[in-house]
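Subject: Structure for your files

Hello,

Here is the structure we spoke about. My notes on it follow below.

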Amino acid sequence: MASEAAAVAGHAPTEAHEEPNYIAIFVCLAILTGIELLVYAAGLPQIAKVSLLIALAWAKAVLVAMYFMHLAMERPGLWVIALTPVILVTFLCLMLLPDLTSRMWTHYDHRIKVTNPAFEGAHPVAPPPAP
Amino acid sequence: MSEAAVIQSHEHGVPPVDQHEPSLTPDTSGKLGMWTFLAADAMTFGVGIAAYGALRINNINWPEPAQFLGITTTAIMTFILICSSVTMVEALSGIQHGNQTKFRTFMFCTIIGGLLFLGMQAFEWHHLLGEKGMSIKRDLFDATFFILTGFHGCHVFGGVVYNSVLWIRGLMGKLPQRKAHLVEIAGLYWHFVDLVWILIFTFVYLI
């Protein structure tokens with residue numbers, strides 16, 4: 001066996017695991033990218049579009065991590081390292097949400113005009129600073 | 001682990017695992033090192049994307065990305081990066097099975113994929129900075145766009161250099177089958193770069 005030969009030659013071999021079907025993973029990724037573009041162009045309501053696009057992006061990211069990065073074949077302990085940034089960044093987003101969703105922002109110091117024509121005449125909820 | 005010890009462990013049916021290697025990645029500590037680095041790097045990208053979202057949400061001055069950004073070009077860039085991930089795993093498969101020709105061919109394709117991506121990004125930036133009048137100093141949309149895609153582009157450049165070093169070592173005959181773990185570790189980095197781009201493509205370009 002190749003890995004045994006490698007071990008005898010003086011270096012520990014990479015852990016033996018069955019090779020995934022990389023072409024099938026590639027096809028899945030290509031199809032998911034195509035669906036993303038369709039969702040983008042379909043003119044769906046914003047909330048549906050954003051939810052679908054985020055779900056599709058995560059599906060692609062999980063496929064890459066599990067099969068191209070071989071996380072599915074690694075020891076479960078390694079998942080702790082892989083999931084740590086996901087948990088921490090999710091926690092960061094949750095901490096920011098109450099502030100972000102509670103008011104409409106232009107620029108809170110009101111020195112810069114609203115430049116997006118779609119929102120001309122809109123008033124920010126945040127109170128202007130004291131003179 | 002000494003050669004004699006490895007042979008002895010084989011004779012007794014014990015897997016040849018070096019007792020000094022970490023238990024999470026018993027084949028090589030380098031892989032554990034790369035995973036730890038990638039976790040730290042993922043937090044940097046994660047905070048960048050979270051900051052992008054925080055600045056964008058409920059901001060009525062935020063433009064529609066498609067006003068400035070070319071979705072078709074970027075979709076092609078995404079496809080190129082996914083293809084280069086496939087060629088990377090094929091290169092790894094080649095060296096793991098002792099097929100140096102397969103390793104060299106697919107690693108070369110991976111490098112070309114990275115260079116194509118960088119070339120298209122350079123073209124996109126040139127277009128945005130010139131014709132579209134975007135600038136990192138103009139507004140938050142521009143600043144976050146250039147920081148996120150620029151930081152990712154630096155990672156792609158680093159990956160191209162990393163892969164090129166391995167490819168050249170392969171050409172010089174200095175990357176035998178028993179060093180396949182070096183390609184696996186480089187592959188982890190390259191796939192991570194692909195994974196991050198998948199998220200950037202969605203959050204910055206499509207949403």
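Along its sequence, chain B runs α-α-α-α-α-α, that is, 6 helices and 0 strands. Helices (H or I, at least four residues) and strands (E, at least two) are DSSP runs numbered from the N terminus. This is a predicted model, in which local features need pLDDT of at least 70, side-chain atom pairs count only at pLDDT 80 or more, and totals for chains, interfaces and linings use all residues. Residues are numbered from 1 along each chain as its sequence is written, while chains are lettered from A and ligands numbered from 1 in the order in which they are written.

Of the 207 residues in chain B, 41% are buried (20 or more other C-beta atoms within 10 Å of the residue's own, with C-beta atoms placed from the backbone). Among chain B contacts (C-beta atoms, placed from the backbone, within 7 Å) between residues at least 6 apart in sequence, 74% join residues at least 24 apart.

Between the chains, α3(A) (residues 46-68) and α6(B) (residues 180-206) have axes that come within 9 Å and cross at roughly 175°. Axes are lines fitted to C-alpha atoms over the stretch in contact, with angles from 0 to 180 degrees between N-to-C directions. The two helices are therefore roughly antiparallel (an angle over 145 degrees). Residues meeting there include Leu53(A) and Phe68(A) from α3(A), and His191(B) and Leu206(B) from α6(B).

One residue to look at is His70(A), in the loop between α3 and α4 (77-101) of chain A. His70(A) is not a glycine, yet its phi is positive, about 65°. His70(A) counts as buried because it has 22 C-beta neighbours inside 10 Å.

Regards

Key: Parallel < 35°, antiparallel > 145°, perpendicular 65-115°, else oblique. Contact = placed C-beta atoms within 7 Å. Buried ≥ 20, exposed ≤ 12 C-beta atoms within 10 Å, placed from the backbone.
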